[in-house]
Amino acid sequence: PPACRAGLGSFQVNISDVFEGATCYGRRYPDLEYAFCSKDECNVQALHRHFQSHGRREGRRFGCEAAPLTAAETAKYKVHALTAAVTAKYKVHEARRRTAKYEQVACRMDHRVGACDNRLDVGRQGSHGVTCRPVGGNCACGRPADLDAAAARTGAAPGGPATRNATRICAYVRSYNGHKSVIGTMLQTMRAAVRAAGTPVDLEVHLANTDWRLPLLPCFRRRVAFEASCVDQNASGSFEIHERFDDRYQRAETAFRRRWGVTVKKDYGYILTDLWLLEMRRRGGCDFIHVTNGDNIYHVDFFRHQLAVFNARPDVGSTAVDFSCHLRRNFHSVAFNYTHIDLGCMLVRPSAMRNMTFAVRLFEDGKPQPSKRRLYAADGFLAAELARRAPAVPIHDHGPLFFHL
C-alpha cells in the first residue's frame, strides 16, 4: 500500500543518513580514517561503536553537518594516525621476525634449556656441581673433572657405523610436540654419554610421539632431523635415530584398545611403549633396553657406570642411577620401587624383561581397568618386578647422573 511504501522510503532515507554520518565521522579524523576506512569505504558499525564508547567522551563530532576540524585538531589527530601506523607496521615486522627466527631458521628454546653451559637448568635440581659444555661436538653435562675425563675418552677407540663388537643399546624415547624445545639437547647429552662410555656403543634411538592429540610441528621435526644428520668424527660406535611418527603405531594402539575394551583415555604413552618392547623382542639384536622421555638430560657418565656393573656381573638384570626430577626439584637416591625411581634412569638386559610390560598386561583378559595413579606409576611397579626377577643394582656415590626436566 502507499502508506507502507512511504514508511519504507522514510526508513531507507534514515538508514542512508546513518551510513553517511558514520562515514563522514571516519573521514573527518585522520586516526579514525586510518583505523576504520579503506580507499573506498568505511566500517560503519565500528565507527558507531567508537563514537559511543570513546568519541563522545573525547569531544569528537559525529555526522556530516558537524563543523570541520581546526588546525590544532587536525595536527593532533594526524599524530594519532601516525602513531597507529607505526605501531601496526612494527607489529607486522615483529610477527615476521618471530616467524623467521622460530619457525624457519631455528625454534624457540624452553626456558629450562639454554645454551650448553651453566644456563642449562640442572643447577636447581641438586646438581652437585654439575655444569654443561660441549664435549666432542655434543652438549655434555657433568662436574668439570667428569667432563675433562670424558673428553679424553671420547673418540679414543676406533669407530664408525655399527662398530664390530660394540654394545648395542636400544632406546625408546617417549616424546610429543611439547618437547620441541628440549629434544635436541636431550639427544645430544644422551649421545655424549654414549661416546664417553669407555667402550664402543651403538646407540639405536626409537623416537615416538606418545600424545597423538598434538601433531608434531616442523620445529620438532627439524630438531630431530638435525641430530640425526650429525656425524661424530672418530666416534666409537654408531648413533641412529628411527622416527616412529607414522600412523601405523597409532593404529596398533587403537586395535589393542578395541580388542581389550580399554576405556582409560590417558595411559601416559605406556601402551605404545609396550608395543615397541614387543617389537624389539621379536626382532632381537639389543644388548640393553633403555626407555626414557624427551625432556631428560644425561650426565656424561650415565652409561659408563651402568655398563661397568653389567660387565663385571653377568647375573645383573637391571641397573639404575641416582637422579633429580622436576616434580620435587631435589636429589633422589634411587631404589627399585615405585617411589624412588624414574623411568629414564634405568638400563635393563632384554632377558630380564621377558614377558614384562608397563601397562598392557593390566588390560588383558578382561581385567578391571587400572586407576590413573597405577598407570602413572607404571615405571615404579616395573622396577620392583625387575628386582624380584634378577639382581638389580642401584648405583650411588656419583651424585645425580640423570635429570628429568
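**Rings and sulfurs**

Analyst: Starting with a charge over a ring: Arg 60 lies over the face of Tyr 29, at 4.9 Å from the ring centre. The test wants NZ of Lys or CZ of Arg within 6 Å of the ring centre and within 35 degrees of the ring normal. This is a predicted model: local features need pLDDT of at least 70, side-chain atom pairs count only at pLDDT 80 or more, and totals for chains, interfaces and linings use all residues. Residues are numbered from 1 along each chain as its sequence is written, and side-chain values use heavy atoms, with hydrogens and water left out.

User: Which ring does Arg 374 lie over?

Analyst: Phe 381. Arg 374 is 3.9 Å from that ring centre, over the face.

User: OK, ring on ring. How many aromatic pairs are there?

Analyst: The whole-structure search gives 17 aromatic pairs. Rings of Phe, Tyr and Trp (its six-membered ring) pair if their centres lie within 6.5 Å; planes under 30 degrees apart are stacked, over 60 edge-to-face, and the rest tilted. Take Tyr 25 and Phe 62: the centres are 5.3 Å apart and the planes sit at 40 degrees, so this pair is tilted.

User: Where do Tyr 25 and Phe 62 sit in the chain?

Analyst: Tyr 25 is in helix 1 (residues 2–28), while Phe 62 is in the loop between helix 3 (44–58) and helix 4 (71–105). They are 37 residues apart, so the pair links distant parts of the chain. Helices here are DSSP runs (H or I, at least four residues) and strands likewise (E, at least two), numbered from the N terminus.

User: Tyr 25, buried or exposed?

Analyst: Buried, at 0% relative accessibility. Phe 62 is partly exposed at 27%. The cut-offs: buried is under 20% relative accessible area, exposed over 50%, partly exposed in between (1.4 Å probe, protein chains only).

User: And what kind of pair do Phe 302 and Phe 303 form?

Analyst: Edge-to-face. Phe 302 and Phe 303 are 4.8 Å centre to centre, with 90 degrees between the planes. Phe 302 is buried at 0%, and Phe 303 is buried at 0% as well.

User: Back to Tyr 25. Which residues do ring pairs link into a cluster?

Analyst: Tyr 25, Tyr 29, Phe 51, Phe 62 and Tyr 77. Tyr 29 is also the ring under Arg 60.

User: Switching to sulfur. How many disulfides?

Analyst: Five, from a search of the whole structure. A disulfide is a pair of cysteine sulfur atoms within 2.5 Å. One of them joins Cys 24 to Cys 64, S to S 2.0 Å. The angle about the S-S bond is 85 degrees, and the link is right-handed. Cys 24 is in helix 1 and Cys 64 in the loop between helix 3 and helix 4, 40 residues apart. Cys 24 is partly exposed at 26%, as is Cys 64 at 39%.

User: What about Cys 37 and Cys 42?

Analyst: A disulfide joins them at 2.0 Å. It is right-handed, with 105 degrees about the S-S bond. Cys 37 and Cys 42 are buried.

User: And which hand does the link of Cys 170 and Cys 286 have?

Analyst: Left-handed, at -90 degrees. Cys 170 lies in strand 3 (residues 167–175) and Cys 286 in the loop between helix 9 (270–283) and strand 6 (288–293), so this link ties together parts 116 residues apart in sequence. Both cysteines are buried.
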